[in-house]
Amino acid sequence: MNVIITFDVKESKLDSFRDIMSDVKSNLPQVEGCNSVTVYNDVENPAVFTLVESWDSQQAHQSHIESVVQSGDWEFIAGHLKTDPVSSYFQEY
């Protein structure tokens with residue numbers, strides 16, 4: 001199961017968000033159920049980041065998101081964003 005998430009970051013928070021994305025690249029694959037993550041940064045709009053994550057299941061991803069929210073980490077991440085992220089689940093065709 002793949003999850004594609006797009007973030008629109010506040011200009012004033014770009015450096016801090018880049019640090020978050022570096023942490024995501026190294027730490028997310030260590031989370032149970034996560035197989036990989038790739039972080040993309042829009043060439044035309046450097047404030048836009050897209051993550052492509054591979055998970056064992058949608059439930060594994062949702063469990064991870066719940067833990068991020070409960071830990072308070074999501075509140076910190078959300079403070080960097082102009083709008084809520086856009087995400088969808090995809091399966092290979």
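Biologist: What conventions apply before we start?

Modeller: This is a predicted model, in which local features need pLDDT of at least 70 and side-chain atom pairs count only at pLDDT 80 or more, while totals for chains, interfaces and linings use all residues. Residues are numbered from 1 along each chain as its sequence is written, and side-chain values use heavy atoms, with hydrogens and water left out.

Biologist: What is the strand order in the open sheet?

Modeller: The order is β2-β3-β1-β4, with antiparallel pairing. Strands (E, at least two residues) and helices (H or I, at least four) are DSSP runs, numbered from the N terminus, and two strands pair if DSSP finds at least two bridges between them.

Biologist: Which strands are at the edges?

Modeller: β2 and β4 (86-90) are the edge strands, each pairing on one side only. On average, neighbouring strands of the sheet are turned by 15° against each other, direction ignored.

Biologist: Over how many bridges do β1 and β4 pair?

Modeller: They pair over 5 bridges, in the antiparallel sense. Asn2, for instance, has Phe90 of β4 as its bridge partner.

Biologist: And which helices pack on the sheet?

Modeller: α1 packs on the sheet and touches β1, β2 and β3, with its direction at about 15° to that of β3. Helix α2 (residues 58-71) also packs on the sheet, touching β1, β3 and β4, and its direction makes about 125° with that of β3. Contact here means heavy atoms within 4.5 Å. Axes are lines fitted to C-alpha atoms, for helices over the stretch in contact, and angles run from 0 to 180 degrees between N-to-C directions.

Biologist: Turning to the largest nonpolar core, which residues touch the most other members?

Modeller: Phe7, Val9, Phe17, Met21 and Val24 do, out of 19 residues in that core. Such a core is a set of buried Ala, Val, Leu, Ile, Met, Phe, Trp, Tyr and Cys residues joined through side-chain atoms within 4.5 Å. Buried means under 20% relative accessible area, exposed over 50%, and partly exposed in between (1.4 Å probe, protein chains only).

Biologist: What does Phe7 touch?

Modeller: Not counting residues up to four places away in sequence, Phe7 touches Phe17, Ala47, Val48, Phe49, Leu51, Trp74, Leu81 and Pro85.

Biologist: New topic: how many salt bridges are there in the whole structure?

Modeller: The search finds 3. A salt bridge is a side-chain nitrogen of Lys or Arg within 4 Å of a carboxyl oxygen of Asp or Glu. One of them joins Lys82 and Asp8 (3.8 Å, N to O).

Biologist: Where do Lys82 and Asp8 lie?

Modeller: Lys82 lies in the loop between α3 (73-78) and β4, and Asp8 in strand β1, so the pair ties together parts that are 74 residues apart in sequence.

Biologist: Which side chain does Asp15 meet?

Modeller: Asp15 meets Arg18 in a salt bridge (3.2 Å, N to O). Both lie in helix α1, 3 residues apart, about one turn of the helix. Shared partners join Asp8, Glu11 and Lys82 into one network of salt bridges.
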